[in-house]
Amino acid sequence: MEAPPRKRGRPPKHPKVHSNDSPTNASNNHHAPPALNSPSPADVDMVDRAVPPVVDSRSGQRGRKKSVPDKLDGPSSAKPGPGGGSPGDRDLSKADADADDVDSPAEKLSSRRAKKSGLANPGLFPNETIRGLAPMFEDGGEDVKDAPFMDAVVKVFCVHTEPNFSLPWQRKRQFSSNSSGFIIKDRRVLTNAHSVEHHTQVKVKKRGSDTKYLAKVLAIGTECDIAMLTVDDAEFWENVTPVDFGSLPRLQDAVTVVGYPIGGDTISVTSGVVSRIEVTSYVHGATELLGVQIDAAINSGNSGGPAFNDRGECVGIAFQSLKHEDAENIGYVIPTPVITHFITDYVRNGDYTGFPILGIEWQKMENPDLRKALGMKSSQKGVRIRRVEPTAPASKNLQASDILLSFDDIDIANDGTVPFRHGERIGFSYLVSQKYTGESAKVQILRDGKVKEFDIDLANHKRLVPAHIKGKPPSYYILAGIVFAAISVPYLRSEYGKDYDYDAPVKLLDKLLHSMSQSDDEQLVVVSQVLVADINIGYEDIVNTQVVAFNETPVRNLKHLASMVEKCTDPFLRFDLEYQQIVVLETETAKTATPEILATHCIPSSMSDDLKT
């Protein structure tokens with residue numbers, strides 16, 4: 001997206017991702033093996049990272065014109081005049097006069113047009129060439145139609161209004177962004193999810209059109225970074241040929257990325273080849289899915305633009321690039337298997353339900369002593385299950401130290417890979433990502449030297465610290481000036497900036513990287529801040545500290561805490577925090593003081609709407 005004026009308008013000072021990046025490194029993923037030689041999410045940047053507008057330093061130039069250089073290269077160089085030294089204005093003017101004497105008036109007109117249009121010095125072209133170019137400058141040239149798929153690429157204009165996670169009762173100032181998209185069948189438009197995240201208004205414009213049409217967001221796939229739009233105005237769909245999808249490309253296949261990147265307002269085309277295909281980190285989705293690496297230039301504003309093969313078929317969507325001092329021309333596109341999964345998911349369910357996970361953490365079994373100690377035969381291969389998520393359906397059948405041998409009858413190697421195509425292997429999480437939420441898979445495990453087989457249901461990932469809140473406003477609860485909130489990655493980024501994974505408290509980072517939800521509704525509740533008042537004196541330094549219990553009852557989530565406080569009739573309210581801290585308030589006094597504190601800080605309600613139901 002091009003040059004948003006605020007958050008996305010700040011150029012990154014270093015390769016770290018500072019918007020919608022993954023909370024965990026690839027190696028910390030609970031459910032998929034690290035992509036082999038995959039770049040760290042810290043080095044991958046979404047291509048809509050905003051940069052300041054390009055300003056031509058030559059525009060608006062005033063003052064004396066620059067002098068003619070001492071040496072001029074090429075045929076237009078003039079020989080030194082009689083006085084020696086550099087050629088003077090008199091000699092150059094004389095050369096022009098001599099040329100005027102030779103050329104006819106039509107030739108002189110063509111020559112002047114050639115100069116005006118930015119071509120090289122007309123002296124470089126024979127008179128016949130100038131005469132041949134004249135009609136081009138007079139009539140604008142012949143209108144040659146490009147490939148039909150070019151007209152299906154649109155420019156997406158979005159106005160964003162992001163939540164303020166540090167002050168959750170309000171939102172940040174709105175800002176605008178530009179990105180790319182393309183038309184598919186059934187009157188739909190695909191673009192990136194991060195291109196329309198927290199959207200207030202979305203508009204699209206076709207190539208060569210001066211009209212922007214209001215668009216409606218049908219679905220946003222956070223994990224796969226794809227969004228689906230539609231336009232109600234029938235005029236938008238006139239004379240448009242939808243894009244056709246091709247198969248997954250192979251290495252060295254030519255690809256052409258089309259979109260509206262920074263540097264101009266018209267459509268842009270860059271070309272390259274496929275350089276790698278593997279499971280890679282999706283920065284916006286904080287997950288790992290199949291990705292295609294290409295060497296075509298992908299810049300800010302290319303987000304959501306299609307990548308075509310040499311047959312004009314779409315083989316991917318541009319969505320991020322690698323920004324690193326040791327890397328050049330490394331861009332990533334979302335391949336057709338992921339795009340097809342997103343579209344099929346929407347058609348089946350009328351909405352996006354997500355990519356399922358198996359719900360395990362695993363360990364490689366490449367060490368021969370480890371395999372022997374766990375009872376594996378020389379002919380057996382697989383990975384050791386380290387942990388199983390309590391909220392995952394697999395927890396009913398799988399347990400720690402089981403050896404996962406196969407998934408849907410496809411054998412898993414000791415390094416966690418499975419056969420992909422000729423001469424290629426890929427992480428077995430690719431097999432899981434091909435499934436849909438609610439489907440089951442057949443897995444074989446080795447337990448106590450015996451092979452067992454189970455049908456495992458696949459479900460969505462339930463993170464203790466969610467990577468996204470999926471467009472919902474953040475939750476909060478305020479009592480006596482003490483602000484309680486639920487931890488999420490956007491909250492940590494709001495509090496500690498783009499380097500939250502270094503600057504956030506160690507306790508929170510440990511839960512972010514390693515803790516698992518024990519129930520479907522579990523949240524990490526903290527005292528976000530204390531709005532200073534007489535009643536909370538002495539507690540004003542408590543910031544982002546987890547609330548463990550209320551009146552000796554463990555806190556499950558923010559709604560549970562708010563419900564217990566509102567219904568409490570005990571004389572005192574006691575909050576047990578981490579590090580053995582406690583906060584104690586008199587019940588009646590605390591509830592009485594809350595409205596006045598809210599009025600002082602212009603806060604409309606003591607709790608978010610989702611806690612009122």
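**Exercise 1. Determine in which strand Phe572 is found, and then which nonpolar patch it belongs to.**

Solution. Phe572 is found in strand S27, and the structure examined here and in the exercises below is a predicted model. The next step is accessibility: Phe572 has a relative accessibility of 48% and therefore counts as partly exposed, since that class lies between the 20% and 50% limits. A patch takes in residues with over 30% relative accessible area, and on the surface Phe572 forms a nonpolar patch with Ile582 and Val584, the accessible area of the three together being about 250 Å².

**Exercise 2. Decide whether Glu578 is buried or exposed, and list what it touches.**

Solution. Begin with the location: Glu578 lies in the loop between strand S27 (572-577) and strand S28 (582-586). The relative accessible area of Glu578 is 11%, so this residue is buried, the limit for that class being under 20%. Leaving aside residues up to four places away in sequence, Glu578 touches Lys507, Lys511, Thr545, Gln546 and Val548. With one of these, Lys511, the contact is also polar, side chain to side chain, at 3.0 Å.

**Exercise 3. Work out which parts of the chain are tied together by the salt bridge between Glu439 and Arg348.**

Solution. The criterion needed is a side-chain nitrogen of Lys or Arg within 4 Å of a carboxyl oxygen of Asp or Glu, and the side chains of Glu439 and Arg348 meet at 3.4 Å, N to O. Because Glu439 lies in the loop between helix H6 (429-433) and strand S20 (440-447), while Arg348 lies in helix H4 (residues 336-349), the pair ties together parts that are 91 residues apart in sequence. As for accessibility, Glu439 is partly exposed at 27%, whereas Arg348 is exposed, with a relative accessible area of 51%.

**Exercise 4. For the salt bridge between Lys442 and Asp409, find where each residue sits and how accessible each one is.**

Solution. The two side chains, those of Lys442 and Asp409, meet in a salt bridge of 3.1 Å, N to O. Lys442 is in strand S20 and Asp409 in the loop between strand S16 (403-407) and strand S17 (410-411), and the pair links distant parts of the chain, 33 residues apart. Lys442 is partly exposed, its relative accessible area being 25%, and Asp409, with 54%, is exposed.

**Exercise 5. Locate Glu197 and state how far it is from Asp225, in sequence and in space.**

Solution. Glu197 is found in the loop between strand S4 (188-191) and strand S5 (199-206), and at 12% relative accessibility it counts as buried. Glu197 and Asp225 are 28 residues apart in sequence, and their C-alpha atoms are 10.0 Å apart in space.

How values were computed. Residues are numbered from 1 along each chain as its sequence is written. This is a predicted model: local features need pLDDT of at least 70, side-chain atom pairs count only at pLDDT 80 or more; totals for chains, interfaces and linings use all residues. Side-chain values use heavy atoms; hydrogens and water are left out. Helices (H or I, at least four residues) and strands (E, at least two) are DSSP runs, numbered from the N terminus. Buried means under 20% relative accessible area, exposed over 50%, partly exposed in between (1.4 Å probe, protein chains only). A polar contact is a pair of N or O atoms within 3.5 Å; within protein, one must be able to donate a hydrogen and the other to accept it, and residues adjacent in sequence count only if both atoms are side-chain atoms. Contact means heavy atoms within 4.5 Å. Patches are made of residues with over 30% relative accessible area and no salt bridge: like charges are joined within 9 Å, nonpolar side chains (Val, Leu, Ile, Met, Phe, Trp, Tyr) within 5 Å. Accessible areas come from the Shrake-Rupley method with a 1.4 Å probe; for residues, only the protein chains shown count as cover.
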